[in-house]
Protein chains: 2
Amino acid sequence: MKRVVVLGSTGSVGRQTLDIVRAHPERFQVVGLSAGSNVDLLAQQIDEFEPQVFAIADEAAGDEFLARDRRLRSACAGLGATALCDVARVRADIVVNALLGYAGLEPTLAALEAGTDVALSNKETLVVAGALVRHAADATGARILPVDSEHSAILQCLRAGERREVRRLILTASGGPFRTHSREEMRRITRQEALRHPTWSMGAKITVDSATLMNKGLEVLEAHWLFDVEFDRIDILVHPESIVHSLVEFDDGSVIAQLGLPDMRLPIWYALHAPARPEASFATLDLAAVGRLHFESLDHERFPCVALAIGAGRRGGVYPAILNAANEVAVAAFLDERLRYLDIPDLIDTVLKEAGAPAPARLDHGAIRDADAWAREVATRHILQGCPTGDPPC
Amino acid sequence: MKRVVVLGSTGSVGRQTLDIVRAHPERFQVVGLSAGSNVDLLAQQIDEFEPQVFAIADEAAGDEFLARDRRLRSACAGLGATALCDVARVRADIVVNALLGYAGLEPTLAALEAGTDVALSNKETLVVAGALVRHAADATGARILPVDSEHSAILQCLRAGERREVRRLILTASGGPFRTHSREEMRRITRQEALRHPTWSMGAKITVDSATLMNKGLEVLEAHWLFDVEFDRIDILVHPESIVHSLVEFDDGSVIAQLGLPDMRLPIWYALHAPARPEASFATLDLAAVGRLHFESLDHERFPCVALAIGAGRRGGVYPAILNAANEVAVAAFLDERLRYLDIPDLIDTVLKEAGAPAPARLDHGAIRDADAWAREVATRHILQGCPTGDPPC
């Protein structure tokens, strides 16, 4: 019986994790849950899974929730960001971190420092603080198990050789809904269009990141920290069908790939059990039925977010935190229709350029928090002042 | 420094093995060679690689060769089939068995019994005598390392999980030159057409086997013995580009594939070093340049050889030996234009049906040799008597 904490249990990955737990009560016991503001769904989950503790990130929603249902108070670890860390520290076998954005970092560190394995869906954890997270994991021996199809694929493919024999990691990218759009067509992309992802059904923020391919850029940074591979040896391959989830090329020229239907439950299942592969009942890939798989190179000109992300990763220090914060602000503004699609990379680039100063030699929490806050402020200021790039006002 | 014996050194796989040795003199030392009848090429190879011993399978060609060049006599282990076994028993780290047909069995057993790993390109070894070969390997702990792209791929993919977690092996098949031929068009297939394989450049016998897909049927039997997987869990997937060399589906639904350019040196390199993956300089797969991969189901109606092979494998005992002998006779007759393309499976089926009697409970050399001889005789008789199926005379 595996004791599981699910942080972000009302989001897409959180709900799918609980679907798996529901289908396998003999395997799992939920010991902790956390939600953002969707307290109605959280209440249902608490009723069903009876966790020892839960937390609510959104304090206003949490206050209302606790006022409405007093009997839950004893299991409530608290409200706000700190409470998420308390839930992450509960005695468990694995913490599934399905939080969105920068908020995912501290709970990841809390779990790893407590020696608990983390099934990590939250990209920003490794993006903004890869060095800290790696250090925390190495100190206690806790594992970081990726919960996204690409890194789960890489983790699986790496088993076919030794780490020192790896020549290249090849992350596949669906290319998003605008894979075939010209730069000119991209000018007119609306919120609605950006939220229509061809293969994956996900939350709004990550769907926009998948459209701009910022998501893929962040995944390169993630892969760098997860697998200790330098940036020059991490490639991106556009593959619209999202069947080949990623590949590893070894020194002998052999390429190992992991394939499956685009179903997030597969990497969740693998993270919950790795390295074991117990029988699962998900629909199985039938390549003859799929018929064709396509592959093409990434066009960096139409998808500048990838190079922005990798550039920030190479510079290191707080640059990835600045990139991430600027992107979060830009995407939120785009979703609120306060920023145009093509202004997303331009805004990020402007903020990164404004950062200018050299990165601190040693990354610490304070530096990251400061960089995050600074970048949000600068990005927000640029949006309020109009277009960040000197183009005519939005 | 690895001491290597190459049996069948003048054939396609043998020559490619020696290409690798030539390019890496710091890694390999050739200690034994054998050829069939191409003694001119063998003489060059002996000059270049200076093996301790060699053997020539074709006695007439061998007699002439030794009469011509007396100084080679001291290194000659002998002529004929027995001499191949003597070469296989030389003190070596690995015996590359690139012999064609049934003649490959005894040298494989000789090497394994001597405790030497065998890099096995010869299909018939495992097809006709899987149980014996498995037993010989298990007795000394010597390994059988497949030298064909499909089984090498499976061996590599299996590293991504435990053996008990394997749900299916999926062998890919290019589909050969007649993948899209109707049964009617197949009636008119000529020797020249059958020898034009779309992706691999190989010897005549194996090229015809690839056209009829008998090759793939034999590979299913090989996979059964190499990986100890029952026939129900070995599938075939048609994949014309021969880029995905094979796949393994695990119990959790995850599918692991091995990919590479169609280059036989890749599986040879892997067999020579497995499980290590030293740096190789073969041209690297660029999936974006390949662009598309196609997959389709196997049509058993147009390619009946596959079911004939698997049927013989399921029946066990000497049936695979009968199948193999009948196929060798049929393909030789087709290459001599004494048999039509569509008569190949019909002849094999006729011989298998004539075998009738139950398989002996225990497989031994004598039973295999007898079955082989019997099947050759029956197949030859049918060819001499005209078409095996009661169709109008050829």
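A salt bridge is a side-chain nitrogen of Lys or Arg within 4 Å of a carboxyl oxygen of Asp or Glu. The model is predicted: local features need pLDDT of at least 70 and side-chain atom pairs pLDDT 80 or more, while totals for chains, interfaces and linings use all residues. Residues are numbered from 1 along each chain, and side-chain values use heavy atoms, without hydrogens and water.

**View 1. Salt bridge between Asp252(B) and Arg277(A).** The closest N and O atoms of this pair lie 2.8 Å apart. Four salt bridges are found across the interface of chain B and chain A.

**View 2. Interface of chain B and chain A.** In this interface, 41 residues of chain B are in contact with 41 residues of chain A (contact: heavy atoms within 4.5 Å). The two chains bury about 3500 Å² between them, 50% of it on carbon and sulfur atoms (buried area: accessible area, 1.4 Å probe, that two parts lose on being put together, summed over both). Asp252(B), Arg277(B) and Phe295(B) supply 20% of the area that chain B buries against chain A, more than any other three residues.

**View 3. Helices α10(A) and α15(A).** Helix α10 (residues 204-212) and helix α15 (residues 319-335) of chain A pack at an angle of about 100 degrees, their axes 10 Å apart (helices: DSSP runs of H or I, at least four residues; axes: lines fitted to C-alpha atoms over the stretch in contact, with angles from 0 to 180 degrees between N-to-C directions). α10(A) and α15(A) are therefore roughly perpendicular to each other (65 to 115 degrees). Residues of α10(A), including Val208(A), meet residues of α15(A), among them Val331(A) and Phe334(A).

Notes. Chains lettered and ligands numbered in written order. Helix = DSSP H or I, 4+ residues; strand = E, 2+ residues; numbered from the N terminus. Parallel < 35°, antiparallel > 145°, perpendicular 65-115°, else oblique.
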